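Thanks for making the time this morning. I would like to walk through one model with you, beginning with a single residue and then widening the view chain by chain.

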Amino acid sequence: MNSIIGVDKLSKTYGKDSTKVEALREVSFDVAQGEFVAIVGSSGSGKSTLLHMLGGLDHPTSGTVHIDGENLYALKERERAVFRRRKIGFIFQSFNLIPVLSVEENIQLPLLLDHRQPDKEYIRDLIHTLGLDDRRRHLPSELSGGQQQRVAIGRALAYRPAIVLADEPTGNLDSANSREVMELLKLAVRQYHQTVIVISHDMNIAAEADRVLRMQDGRLVSDTRGGNRA
Amino acid sequence: MERLSETRRSFGRLWRNPGVRRFAAICLAAAVVLMLFAWLYSRYESDRLKREWLARDERLIGSLAAAHPELAPELPRLFVEDGKEDPEARKLGQELASRYGLDEKADSSIFPIVERFRSELWIKLSAGLGLFILLLSLLLFRVYASPYRHIHRLAVSLEKSVKQNSPMDKPLYEDGELGLLSHTVQELSLRLQETISQLHKEKTLLKDTVADISHQLKTPLTSLAIYVELLQDPRTSREDAREFLETCRRELERMEWLILTLLKIARLEAEALEIVPVRAPLSDTVEMALDPLRSVAELRRVRLRVETPQEEIPLLHDPKWLSEALTNLVKNAIEHSPEGGQVTVRTERTPMFAHISVRDQGEGIDEQHLPHIFKKFYQSSPAGSGVGLGLPLAKSIVEKHDGLLSASSRPEEGTTFTMTIPLHRTLPQASSLTNL
Amino acid sequence: MKGYGALAGRYLKQQRKRSILTVIGIILSVALISAIGTMGMSIKDNLLKEAVYNSGSYHFAYSKADSGLYNEITKNVLVDRTGVMKESTETELRDSIKLTLNEVNADLFQLAPLHLASGQWPKSSGEIIVEEWILPYLPGEPKLGGTTTLSGPDGQPHEYIVSGLLINTRINQLNLESSAFSLNGEVGSSSGELDLFATLKPGVDISDNLDSFRELAREQFSPNNLVLAYMGESPDDNFNQVLLVIFGTLIGLVVLSTAAVIYNIFHISVLERIRQFGLLRTLGATPSQIRGLVFREATTLAAIGIPLGLLCGWGVLWLIITLMVEAGFRILSLEQFELNWHTWIMAGSVVIGLLSVYLAAWLPARKAASVSPVEAVRGAGSIVRESYRRFRIPSPLQAIGVGGNMAAKNIRRNRSKFRITSFSVIISVTLFIVFHYFTQEMFSLTSGSNDEERIAFSVTISSQGNTEGEKADFLSEEQIGKLENLPGVRGVYGRYNTFGTTAWVPRKLVNEQFLNISRIQYTESTKDETDYSLVNMEMAKYDDSRLREAAAYLTDGTADPEKLKAMNGVLLVQTVKPMDPDTGKKTILDMTRYKVGDKLLLDMSSGISGSEGDADKALFREVTIGGILSQSPFGMIYTDNYARVMAPADLYDDLVLSDKAASPADLARYGIDVAMEDGADDGPVREALQQLVDSTPGAYLVDTAADQKEQRQFTLQMQIFIYGFLTVIGLIGSLNIINTVQTNLLLRRREFGLLQAVGMTMGQLKRMATLEGVWFGLLGAFWGLVLGIGFCYFLYLQLTELQGMPFQFPWDGSLIACAAAFVVGLFSVQGPLRRLAKTNLIDSLREEN
């Protein structure tokens, strides 16, 4: 199995002089395709920054990120945007959806950005699977938190990006919904061979993953496998 | 899967191609430049025409005035008159002129101004336009050729990918048809790779299965052979012979179960066996699974407890297979439960999934064993009666339902196995990569 | 949804309120541009028509020309038409009225300022046209179409048919002379002095070619300056340039304000959605896709707003003008009132509107596209980091309790939003002040009017009617009273002789600038240690009715007859309009620097027994200046170089009689002027006056009612245009302010909800918002004033190139604008506040932007 994500000596510094903050310090690791990885750490450890770097959202101060063989930051901004569109799916803790679009339209959005017409059958199936049939035309403001996250994941599944990056996806959810979300992600890994990276401060969530990376003060301090689950 | 919208040609789609945009920009710029050039040139020419015309008028006025001084003051205005007002005068002039050979049919060469105008105009215009179009073509050529370069790169990259079975390098990340093509081709190559690796996996699986069968069968076969030899030996006593026969029978049973299960797993993995999903209440399936085990549970004095929600859970599943999986799990749980213990089978429903969990109060599974329990023939403890195939089979069955089988355990606290199955259809087109 | 582009439409539909406010902003701006354009053109058209009416439509003329010049002109290829006029024989009619016959060619009737009242232009040499009032005096007393006998060009009596009648002019009637015009096609080739009037062919550049025509006969050449100026073809390059600068500035101001208003709303709207744009970027939207979204929104809004704006601009103008016409400006008829639709103005407004919208959308689009996705996604609202470095000027708002404190902090925090909002207030105020100033100055520059133009009839009595020494006023007070009560009569004023007097003006009170421009040198004299200049002034006798009208022109003091009598006071007009003989440029200024309450020293010995500057021989009388007028209410608005004093009747008599040699007969009223109300029917009045004239020997009626109506028409139209225009600007400015304030408050619903949740009461909240509104208003008014007055001064510098004038501080405009901005700002806060009070707290908090 080849590594689909390759991070090499990644560093990110904010601010200057007295207000300087080193969010990431020479972080290096590889992720193989199909892995379910959790990144844990207390707040301020740099895990969010790392995720943003992986997704090409922000420029690193030094170091490289290779995704699927492509040096992410050697691309032009426009190319990076298209890359992101086709290869990376994001799920945030909150505010994932465009408020003016319905559930169906939110899910189709990456496709539409790529100027493609979605297969209506497929989308309908997906919504059905997500258990959101009766909410198809609703706006995000009419959905509960759990439902919104499901839509976000649906969006990630609709376009089948190679990598799914989730930043505290269960942060705002109760335990039942959290479980749903995690199981959906795991299914995605298993069925679509997607690579999922989840950030959490909740150890229970981390336990669901195949591999746990622990961050502290901007450094990667441990890289373990397993847990008390199979 | 999304589809590229097929036939409808839309201008928006065309416009998204950078090449088309560049082309349009060049054309627009060319048009502007051409218009500017035309304007300047026509101004220059009309100025020149005005000068020559004026010279001609002045000459005529001079000669006329010299000959007829009384007409002199009228002449300038006459020469500037529009001529629309006096058709009579025109007719008179036409008659007069044509009498002396001056009419429309006359050669252009006798009109000096016209002649000069015509020849110079022709040369200058064709030269100018020719040059312009030449330059324009050079520019446009580059724009036109650019997609071909990209296509060439794509072809090279695709060839490499096919020959070396490696992912395609340097795809195009841009909007427009080439970008889409590049993306789709890349997906194709990825698919290809995955299919190949899947095929490899299946081959390996087959190899493994054959190896497993042969390995697993070797021991019992050897022991069977020994026992048959012993039985054939006249020295064996009748009691011993009966014992030996019993052992043989047990071994044969075991072998049969083993082969059957292995084959089952193999067929499942190879998709030779179909899962036939129907929408049926889950509780029925649970009942079907627990029925054969009730007597065993009673025997070991383990209580079987079933927790189901009020409402039925209509799950799309194959009850035969799922109950078999559940039976395996519960059997395992019963075997690992202490006397007087309780095994709880619990079903619940969340918006997307149905969960079936089996919890026992046994001694639990050690952390170091946990990642491996779903591996074939893995025995975490010798207490199990099975061959070590129950859990892998259950896992296969659940995964064929697009579900997940997970286990969590704490030493001294028991183990919980959870089957998570999507409520609605199977995840669209998820199952096999060899399915298009 | 067919494509992600539909997102733009969704945003607009979702944020209905904000979209509507934006569209309103666009509508207002485009309406303003088209209104200004239409107005400007209409005013110019109006001025041009007035100039053509008064001066004729020719481009240039030659006086004292001969047939040789005529030939040269007519044969010139650039010349279109040439009119010729030759003064011929004079016939004396009864009552010693002189009628001069003029031979003209057909073209002249089109080029000269002659206006037919009835009938037709002469078609043959046997037909003539005369002024209407001459008709009864012609031999044979013909009617229209009848015949009369006059001395022909050869000196012999000829019979002529009266084919048409011209509108009466006032001057001719007063001077008892007139002209008749007969047709003579060959007059151009005849001998004698000719007056030539020529126009150039259409398409020919007039201003470029005038010089070559001037060369033909330098001394006799005179271009039709006023008309050419309004056509934009003035021979004076400076003038054209100044016009260009002025209009360029005005249009530039408007375009700037348009773009600013639209930018304001757009910017805020985009800023509020920056998180969503960030989300789109994380989904993989390229920067140009995001830019495209913003531009799509802009285009949709423009597509709705611009046509509506055009309609509104036109419609509102039309509406206001109709209202004004109904309400008070009673002009003759609405058809004659022309509000022209100029296609190119509308096209120009559309183009400018589009440009403004795209300009305004460009920066926000770039901003939306370039925001780092991380920032946008991460930020929980934008927390502006306050700079601790700068020393902060404490805001006076902080003194006003919690509300004020919060208001001050809000303003500091949302600095850019606040600046944008107050910017629109500033723009509105500035625009109003500038345009108010400009229109007022331009009006006085071009037409200017006083009550003289309301006078439709005059009745005078010839001197033969009076016996020596008798002070007999023409008409008794009772008769005058009866005339005043006739329907349609605005006032009846007495006509009196004027008295030329010399005023001894202290030298320091004489304006040197005036002396420099006019090149006048006054005789100097000394009396009682003070140096005096002897300045000639004209003193007029004003009865109570004239004083009544004069009150409208006061800049200081009073025109009340009682008060003037008490202080022995007179009215003074010291503003004059001298012309610099070298440059030909006119300047308006005060020739003396008198103030109300000063004493005016008059030497009443005038004329033959003048004292010639000898203090001993002078007959001194001292009067008090009771009131200063900005211009003369009657007669010439400004004179060249002499001041005018208006004395109440009794005082005048007293002053004049100081000179024992004066005759009381000179004091008598020798006639009346009758002024008509606008739109009144002059028929009955004419009849009554005619009866009066018939019944009084020696009395004589001057009828200029028709002409007066025309002139008045121009003035009224001009006033309507200007006031209508200012109203439109004021309206649009106010709406702009309301719109902006509403938008601002609308966007802060969440903030207010938060404040309420934290514990602020509704009352405190209202106070805070009101204080902010007040602060906007004040700041906007302040800066608007500064900018407005600055621009006014700049315009003044340009205008003063055309005609010198003093800079009049735009008090009126400033006051109106500031007060209005303040009040509008205050009230526009109330509405949204009330709505805010009613909304559910939770809803406001939950509202995602």
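Predicted model: local features only at pLDDT ≥ 70, side-chain atom pairs only at ≥ 80, totals over all residues.

UniProt, in an unreviewed entry, places the feature "transmembrane region" on chain C at residues 20-41, 242-266, 301-321, 341-363, 418-438, 720-741, 774-797 and 809-829. Taking two of these spans in turn, residues 20-41 of chain C are 100% helix and 0% strand, with the end C-alpha atoms 31 Å apart, while residues 809-829 of chain C are 90% helix and 0% strand, and there the end C-alpha atoms are 31 Å apart.

Staying with chain C as a whole, the model gives it 25 helices and 24 strands, and of its 849 residues 53% are buried. The chain exposes about 37,900 Å², of which carbon and sulfur atoms supply 55%. The domain assignment divides chain C into domain 1, residues 60-223, and domain 2, residues 497-667, and the C-alpha centres of these two domains lie 41 Å apart.

Now to the aromatic rings. How many aromatic pairs does the structure hold over all chains? There are 24 of them, and I have picked out two for comparison of their geometry. In chain B, B:Phe37 and B:Tyr41 form a stacked pair, with 6.1 Å from centre to centre and 20° between the planes. These two residues are four apart in helix 2 of chain B, residues 18-67, and are therefore separated by about one helical turn.

C:Phe295 counts as partly exposed at 21% relative accessibility, and C:Tyr358 is partly exposed with a relative accessible area of 31%. Elsewhere in chain C, ring pairs link C:Phe60, C:Tyr62, C:Phe213 and C:Phe221 into a cluster.

Returning to chain B, the domain assignment gives domain 1 at residues 11-164, domain 2 at 177-269 and domain 3 at 278-422. Between domain 2 and domain 3 of chain B the C-alpha centres are 24 Å apart, and 12 residues of domain 2 are in contact with 11 residues of domain 3. For this chain, too, UniProt has an unreviewed "transmembrane region" annotation, covering residues 20-41 and 121-144. Residues 20-41 of chain B are 100% helix and 0% strand, with end C-alpha atoms 31 Å apart, and residues 121-144 of chain B are likewise 100% helix and 0% strand, with end C-alpha atoms 33 Å apart.

That leaves chain A, which contains seven helices and 10 strands. Its radius of gyration is 17 Å, close to the 17 Å that the globule rule gives for 230 residues, so chain A is as compact as a globular protein of that length. Its C-alpha trace spans about 50 × 45 × 40 Å along the principal axes, and 62% of the 230 residues of chain A count as buried. Of the contacts in chain A with a separation of 6 or more, 67% are between residues 24 or more positions apart. Finally, chain A exposes about 8,200 Å², and carbon and sulfur atoms supply 44% of that area.

Terms used. Residues numbered from 1 in each chain as written. Chains lettered and ligands numbered in written order. Heavy atoms only, no water. Domains from an automatic or database assignment. UniProt positions renumbered as here; feature names shortened; annotations may be inferred. Rg over C-alpha atoms; globule rule 2.2 N^0.38 Å. Buried < 20%, exposed > 50% of the residue type's maximum accessible area, 1.4 Å probe, protein only. Contact = heavy atoms within 4.5 Å. Areas by Shrake-Rupley, 256 points an atom, 1.4 Å probe, with all protein chains shown as cover. Phe/Tyr/Trp six-rings, centres within 6.5 Å; stacked < 30°, edge-to-face > 60°.
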